[in-house]
Amino acid sequence: MVGMEVESVVRERYRQGAEERVADLCCPADYDPRYLAAIPDEVLERDYGCGDPSRHLREGETVLDLGSGTGKICFIAAQVVGAAGRVIGVDMTGEMLAVARRNAPVVAERLGFANVEFRRGRIQDLALDFDLLDEALAREPVASAEGLMRAAALADGLRRTRPLIADGSVDVVVSNCVLNLVDGQEKGRLFQEIHRVLRNGGRAVISDIVSDEPVPLELQQDPELWSGCISGALTESGFLAAFEAAGFYGIRILERQREPWRTVAGIEFRSLSVEAFKGKEGICLERRQAVVYKGPFREVLDDDGHRMRRGERYAVCDKTFNLYQREPYRSSFEFVEPLEEVPLEAAQPFDCSRTALRHPRETKGQDYQVTTEAEACCAPGNCC
Ligand SMILES: C[S@@+](CC[C@H](N)C(=O)[O-])C[C@H]1O[C@@H](n2cnc3c(N)ncnc32)[C@H](O)[C@@H]1O
């Protein structure tokens, strides 16, 4: 099964899943009960998630939920980010969107603010707004080969001029049990789209089903298993590698289900929640800063290929120095500033393609000859 075949099988299964609860599509996940009270039963009953990425959101953030279904994660996220934040859910199944859209005003009324909206599109093509395309096609229906060419050009125009989700417009992309449903040929584009819509410094927090071995071809041909979150699952390492290939950094597993959710032909399928950051691109400048990897591993290799031994002082560019002071690195490093600051305007280019130690004299200056007395750090009577 490939491309549109996968998509129509998935759409049909979730059309049914929107109309009534389908028990075998559920992989039980725990949500913070505080946030469930405001969400109508119709939404909660049709829960087809496998994790809870909303736990990793913060107040005021703009969040995009891929494959939002009936809207549960969006409605939880709405409460976590609060009135100052914003939540957008994207789904391709009209029936799922209908449930989400009719419940949005109910949730808004209960919360006292409205910060959620739902848009129709495919998550591997987040620029194309299906509602806008439908409107345009209603005016000019496709009835010939030429018409099909015109429709393709129209879609391209919409992507450019009225994108469903604009470049760099989102703080956090979340998704709950959806990425596996996208055809294998389009998975690369899907991860690139996640990267495109995030702002620099933004992050993805994705819960999905992964497998402990590659899914063999015969399982990939089974429509039931496709729409049931099995056939399209990436391996655990393949899932992380897909973020890496799309240009993400600081990728880490936040949660991994210990017991498999399902085992099929001896292959284990379980939920994995992963966090990945965007924004290591940019110029590298020399400001004589250094970092010390604290351990516990003897050495680490970062996403730029810098191999650092525990306890050694490494020269880093200004961008890396700032990046390491944020999550997810902050607690793994000590930071050494130069005694005399190098102003940003005066900073020279830094060669990030190599890993170099930073001699303490580079930080302090070659002429540094200070001698000091020990500071009184002990209480009277206690000798160090
Ligand atoms: C397993 S359900 C998860 C729904 C929701 N995230 C939840 O936690 O309940 C998968 C959802 O993703 C949507 N979906 C699947 N493939 C999609 C695609 N390529 N583009 C947009 N939505 C998609 C389906 O319509 C369905 O609503």
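Select F75, A78 and Q79 in α4, then A100, N103, A104, V107 and L111 in α5: these two groups meet. Contact here means heavy atoms within 4.5 Å. By class, this contact has six nonpolar, two polar and no charged residues. Ala, Val, Leu, Ile, Met, Phe, Trp, Tyr, Cys and Pro count as nonpolar, Asp, Glu, Lys and Arg as charged, and the others, Gly among them, as polar.

A note before moving on. This is a predicted model: local features need pLDDT of at least 70, side-chain atom pairs count only at pLDDT 80 or more, and totals for chains, interfaces and linings use all residues. Residues are numbered from 1 along each chain as its sequence is written, and side-chain values use heavy atoms, with hydrogens and water left out.

Now show α4 and α5 as cartoons. Their axes come within 11 Å and cross at roughly 30°. Axes are lines fitted to C-alpha atoms, for helices over the stretch in contact, and angles run from 0 to 180 degrees between N-to-C directions. Angles under 35 degrees count as roughly parallel, and α4 and α5 are therefore roughly parallel to each other.

Next, select α4 alone. Is this helix mostly covered or mostly open? Mostly covered: 10 of its 10 residues are buried. Buried means under 20% relative accessible area, with a 1.4 Å probe and protein chains only. K72 is one of the buried residues, and so is Q79. Step just past the end of α4 to G82, which takes a positive phi of about 75°.

Where does α4 lead? Select Y14, F75, V87, F118, I209 and F269. These have the most contacts inside the largest nonpolar core, which has 51 residues. Such a core is a set of buried Ala, Val, Leu, Ile, Met, Phe, Trp, Tyr and Cys residues joined through side-chain atoms within 4.5 Å. Elements giving two or more residues to this core include α1 (3–19), β3 (116–120) and β9 (267–277). α4 gives the most, with eight residues.

Centre on V87. Leaving aside neighbours within four places in sequence, V87 touches V63, C74, A77, A78, V81, N115, V116 and E117. Then select L66, I88, V197 and A246: they are in a second, separate core of 29 residues.

Finally, zoom out. The protein chain has 13 helices and 17 strands. Helices (H or I, at least four residues) and strands (E, at least two) are DSSP runs, numbered from the N terminus. Buried residues make up 51% of the 384 residues.

Methods
Buried < 20%, exposed > 50% of the residue type's maximum accessible area, 1.4 Å probe, protein only. Parallel < 35°, antiparallel > 145°, perpendicular 65-115°, else oblique.
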